[in-house]
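Subject: Structure handover

Hello,

Here is the structure I said I would pass on. My notes on it follow below the entry.

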Amino acid sequence: MPNPLDPVGDLVADLVALVDRSPAPKRIVMHGVPGTADDASPEQVGAWFQTAGTSLVMEHLYAVKMIDELEYPYVIVRTPPVTGRGGNVKGEGEPIQQATVGQEETVALITTAVTTEQYVNQSVGLG
């Protein structure tokens, strides 16, 4: 689960290589940015992460596509920067409007994604 500003495309390529030489994973959980599920504009994402939003969203879209093509169960957890407070779970296409979310809420959502079947093969947001 990379920091959203890490080179996620490279990290997912490393994951694919690891999966090829290992037993099948129970589930892949990726922490990504909003904008990959029609929930925020690239301009919003760029402002939230103080970077080029279109490039960041495109890199995360590529990573999500690679994970989907592995055909293993997965959960994508999309959040704006984890430097604030609060956050409500959002499905694909539901707008993420908070510029930041809380660490407690992010950890709770990721824990649910890792330990339960609640969000399998879904992309869920927080914000």
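Threonine 51 sits in the loop that connects helix 2 (42–49) and helix 3. The model is a predicted one, and in it threonine 51 has 39% relative accessibility, so it counts as partly exposed. Leaving aside residues up to four places away in sequence, threonine 51 touches Leu5, Gly46 and Leu56. Leucine 5 is 46 residues away from threonine 51 along the chain, yet their C-alpha atoms are separated by 8.8 Å.

Helix 3 (residues 53–69) also meets helix 1 (residues 8–20): their axes come within 8 Å and cross at roughly 15°. Because angles under 35 degrees count that way, helix 1 and helix 3 are roughly parallel to each other. Their crossing is left-handed. On the helix 1 side the contact is made by Val8, Gly9, Val12, Ala13, Leu15 and Val16, and on the helix 3 side by Glu59, His60, Tyr62, Ala63, Met66 and Ile67. Sorted by class, this contact has nine nonpolar, two polar and one charged residues.

How is strand 2 joined to strand 1 and strand 4? Strand 1 (residues 28–32) runs parallel to strand 2 and is joined to it by five bridges; within this pair, isoleucine 28 stands opposite tyrosine 74. Strand 4 (residues 122–126) is also parallel to strand 2, with four bridges between them. Among the partners in strand 4, glutamine 122 is bridged to valine 75 and glycine 125 to arginine 78.

Are the residues of strand 2 (residues 74–78) buried or exposed? Five of its five residues are buried. Tyr74, Ile76 and Arg78 point one way from the strand, while Val75 and Val77 point the other way.

Regards

Technical notes
Residues numbered from 1 in each chain as written. Predicted model: local features only at pLDDT ≥ 70, side-chain atom pairs only at ≥ 80, totals over all residues. Heavy atoms only, no water. Axes fitted to C-alpha atoms, helices over the stretch in contact; angles between N-to-C directions. Helix = DSSP H or I, 4+ residues; strand = E, 2+ residues; numbered from the N terminus. Parallel < 35°, antiparallel > 145°, perpendicular 65-115°, else oblique. Left-handed = near helix turned anticlockwise from the far one by under 90°. Contact = heavy atoms within 4.5 Å. Nonpolar A, V, L, I, M, F, W, Y, C, P; charged D, E, K, R; others polar. Buried < 20%, exposed > 50% of the residue type's maximum accessible area, 1.4 Å probe, protein only. Pairing = 2+ DSSP bridges.
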